[in-house]
Amino acid sequence: MNTPTMNLKPLFMPRTHETTEGNKTGSWRYLRPRYEDKTSPCSTACPAGEDIARIEMLSAQGFFKEAWETILRENPLPGVCGRVCFHPCEGVCNREGFDSSLAIHTIERHLADTAARNDLKPALEKLASQPQKIAIIGSGPAGLSASWFFTMLGYACDIYEALSEAGGILRWGIPEYRLPAPVLRTEIGRIESQGIRIFTGKHISESELNKLRGNYSTVFMGCGYSRSTPLGVSGETSESVKDGLEFLRSVRQGEKPSCQGLSAVIGGGNTAVDVARTVIRLGGKAAILYRRRRQDMPAFAEEIAMAMEEGVALHELLAPGAIEAQGDQYKLILRKMKIEGQDKDGRGRIVPDGDKTSEVTVERIFTATGADVAEPWYNPPSDKSGAITLSHCQIKFDKEGIPLVYGGDLTNVTKNVTQAIASGKQAAMAIDTYFQQGRDAIESRLASCRVGDGLSLSMEVYMQGARRLRSSHIVQPEEINTDYFQFEARVVQPRLLVEERTGSFNEIDMRISANLAIREASRCFNCGLCNQCDNCYIFCPDVAVIRGRNMEDRHINFDYCKGCGLCAAECPRNAVTLEREGL
Amino acid sequence: MKRVLEGSHAVAEAVRLANVQVVSAYPITPQTHIVEIISDYCAKGKMNAKFIPVESEHSCLAALVGAQSAGVRTFTATSSQGLALMHEILHWVSAARLPIVMVDVNRALGPGWNIWTDQTDSLSQRDTGWIQLYCEDGQEVLDTTLQAFRLAERVNLPVMVVLDAFFLSHTYEPVDVPEQKEVDRFLPSYSPRFNLDTRNPYTLSPLVTPAFYMEMRHDMALAMDEAMTCFAEIEEEYAALFNRRYGSVEAVTCDDAEIILVTSGTITSTTRLLLEELRAKGEKVGLLKMKMFRPFPVEAVCRALGRAKKVAVIDRNFSFGAGGVFAQEIKAALYKLPVRPTVFGYIAGLGGRDVTTDILEEIYIKTRETDLPSQESIWIGLQEVKYAN
């Protein structure tokens, strides 16, 4: 049998052992690619400026501890925020236009729970100790955040808390079924383990504050808004109208106030919904009366939906007019409202619908229309002379130049947990800059730490971490090469059944598995961040992409890169920038 | 083992048996069934091959250029527009002396958009340096595909195995599928004459100056000539193992024939039927089946047709401004004979129109009744058309 190689005629064909490396195709180039990590829209929307694209990248690879530490660099309370933050990050997720946004808060909670379950200790960068000591009034999210970041920057912190346990609104204002006490205690425990001292049951009066200012280099005022604002209607007494926040606080202190019969809850925010749902859990009936419409309510839509599933009634376009006592009950006279035109914020403008009224007889009335400080002197002084007003806090200097910082609800336009955290962070950065470089440096130093030129600030950038190398360009949906992504459904949050919910204060949202968390995190586009997918390496027709052991080693061999731009076009996540040569 | 297979599946079985290592393909009707089966075999491990799905036929063949240069046996299949899109790389493959085997399922080119059989796609690639072998039935498809690898690797030229859309690609027939170990005796695993090697780096197909380009092309021409003789040897080896041979051409009752019909593809089978009928009536008619088109078997054609008075070439293809492609080639081949039969060129069955025994008989009678062809190409079975205003 012949073999195919027998009796073969030689081939006359061209072949050269000369290398083609002499042909420097790089000389043809008029466009130049550059590896440049950019800013994801979620991270700018996050008031705490969390590095979400990186958190998801690490989570998708199963590096839960590293992902958790990445959160902690910007936010000391992932267990809290994974549960109660309104996650504006998800609203701007580039994946939304593709299938649906990433469940960022669900992964955040998973990371926090995993860390708590395994009692993980974060390994975080901390600057050398500074001589200055910081006093913090109030242990709510603003105060906790301030203490965390001051400590990171090398300052010793003492927190003074009026109540018996730390946490502020997190401990006393948000119901257990949304934020269980053990979760908060774990977070606070971790903050304390950084060396922060928390003095509970230590109410600070105005005169004591002045004493503190002698013992500390800075005082941070994070006393929060702990009192509901009165309705301002006739017949309103401390007997007839109960403070919604006070009610929530009493329940979290272990009391079980009687809630028999129908309770009216006036307001449309999360406190109103929390009060109504707490009433349901205490065996009562609850009706939320709101002067606008459901779609105008500042409360989270999902919370409203769950409240209604649990039997809370919602009556729209009703404003409280007057209250009349009727034996043990109260007659609530309500003015009917209607929509006419639009407010500045785009919501429908409400006006009284003629003289129309309606009445409802209830056992008790809760007010949850807004909140205010418990003591008037908590507010920053109206005299702003010599003060520095920042986006999330205000700094006032006394005669000796000792700064007093007002933060959290006291200064935030939007009053919520993550804005309070942002405020604490901003305070730490501003005061550190003041100590190190002087007052005039504050504005520019803070500006250099902005995430994508937005209001959020990054402590990692402030501390000269790798994140400072990111471009501030915010990756737009059209800059994502969606050819490299497949449609995949967003993880569904597992929850207690309605029947399980209404009978107890057990946490409603259940844990998701590590598998589900990895799958969800894998949905992330990682907007603007190189995850070493190697598309550029595979597509480069000139073999000019040089990979290395790590991300920093990846580079382009400009001897041969002819600037075709394939690497930039095939990058799924806009981590390659193409620029005109010579610019 | 005899199995009832589609023509497409006969190709797939041959590719499986041929120990192909890399397959790349882009689907196109009527080729799709071939690569469906092959990709399934690759996925299930019935073939130890890498299947590379691509975004176009151009990329498909380019991918095989890379793979074959790296020293592995490769295969692809395409049709019509897909083959046309490969055109640039077809030239590259042959000049790079890469023994790639491809199946082309003959399909008409659009417009008018048409998925049915027509040989214009493959015949318009006649100058690309590929060997072309046309098949008549499922068994021949399987046998020819196996032989194609031997032939390609022997002369270092690519081979295109060609079959009719639907009439062959989608028709089930009994096909004898040989055992792997028998095929292995005929077609051992691939040992490349050259291949890229990172331990001894070199560049294939670099710049060639006028000083050498002609010699390079001449070497290809010699290889193409060699393919003609090699094909016969390879067929003999194949016949020794499997007892089947086809020849570069097949002459049926040509020795005493006055008129010989020249066919290719599945029209040949239909013509065989007519031939029996006509012979039974005492007509002196013969049939020449063209299997090999490149290299063109000039000697065999002259031998078969030299004694006839008239030759009727049936072309399921057309070269505008020139005529049927087989007719042109036959005429050119016969030119060397001192006394030549008159060649009638017939155009039939374009775009998948059926070529029945009635049509073939009409062609035969037209040829018999006319001394000289009325036209260069006689279009058979044309309907009257109504033109839009």
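B:Ile347 stands opposite B:Trp379, a residue of strand β16(B). The two strands involved, β15 (residues 342-347) and β16 of chain B, run parallel and are joined by 2 bridges. Strands count as paired if DSSP finds at least two bridges between them. Helices (H or I, at least four residues) and strands (E, at least two) are DSSP runs, numbered from the N terminus.

This is a predicted model: local features need pLDDT of at least 70, side-chain atom pairs count only at pLDDT 80 or more, and totals for chains, interfaces and linings use all residues. Residues are numbered from 1 along each chain as its sequence is written, while chains are lettered from A and ligands numbered from 1 in the order in which they are written.

## The six-stranded sheet

β15 and β16 belong to an open sheet of 6 strands in chain B, ordered β10-β12-β11-β14-β15-β16. Its pairing is mixed. Strands of a sheet pair through backbone hydrogen bonds, either parallel or antiparallel. At the edges sit β10 (249-252) and β16 (378-379) of chain B, each pairing on one side only.

β11(B) pairs with β14(B) in the parallel sense over 4 bridges, and B:Ile259 has B:Lys310 as its bridge partner in β14(B). On the other flank, β14(B) and β15(B) run parallel and are joined by 6 bridges. There, B:Asp315 is partnered by B:Ile347 in β15(B). B:Ile347 is also the residue that stands opposite B:Trp379.

## A covered strand and its helix

β14(B) is mostly covered, with 6 of its 6 residues buried. Buried means that 20 or more other C-beta atoms lie within 10 Å of the residue's own; exposed means 12 or fewer, and partly exposed is in between, with C-beta atoms placed from the backbone. Both faces of β14(B) are covered. One side carries B:Lys310, B:Ala312 and B:Ile314. The other carries B:Val311, B:Val313 and B:Asp315.

Helix α12 (residues 325-334) of chain B lies across β11 (259-263), β12 (285-290), β14 (310-315) and β15 of chain B. α12 runs at about 145 degrees to β14(B). Axes here are lines fitted to C-alpha atoms, for helices over the stretch in contact, and angles run from 0 to 180 degrees between N-to-C directions.

## An enclosed helix

Helix α1 (residues 7-17) of chain B is largely enclosed by the rest of the structure, because 11 of its 11 residues are buried. Among them are B:His9, B:Glu13 and B:Arg16. Just after α1(B), B:Asn19 takes a positive phi of about 55 degrees.

## Chain B as a whole

Chain B has 13 helices and 16 strands. Its radius of gyration, taken over C-alpha atoms, is 21 Å, close to the 21 Å of the globule rule for 389 residues, so chain B is as compact as a globular protein of that length. That rule is 2.2 Å times the number of residues to the power 0.38. Of the 389 residues, 52% count as buried.

Chain B is assigned domain 1 (2-242) and domain 2 (250-379). Such bounds come from an automatic or database domain assignment. The C-alpha centres of the two domains lie 28 Å apart. Their contact takes 27 residues from domain 1 and 20 residues from domain 2. Residues are in contact if their C-beta atoms, placed from the backbone, lie within 7 Å. α9(B) gives the most to the domain 1 side, with 5 residues. That side divides into 15 nonpolar, 6 polar and 6 charged residues. Nonpolar covers Ala, Val, Leu, Ile, Met, Phe, Trp, Tyr, Cys and Pro; charged covers Asp, Glu, Lys and Arg; the others, Gly among them, are polar.

## Where chain B meets chain A

How many residues of chain B are in contact with chain A? The number is 20, and they touch 15 residues of chain A. α7 (138-155), β9 (203-204) and α9 of chain B each supply at least two residues of this side. The largest share, 5 residues, comes from α9(B). The chain B side divides into 6 nonpolar, 4 polar and 10 charged residues.

β1 (residues 15-16) of chain A and β9(B) pair in the antiparallel sense over 2 bridges. A:Arg15 has B:Leu204 as its bridge partner in β9(B).

Methods
Two residues are in contact if their C-beta atoms, placed from the backbone, lie within 7 Å.
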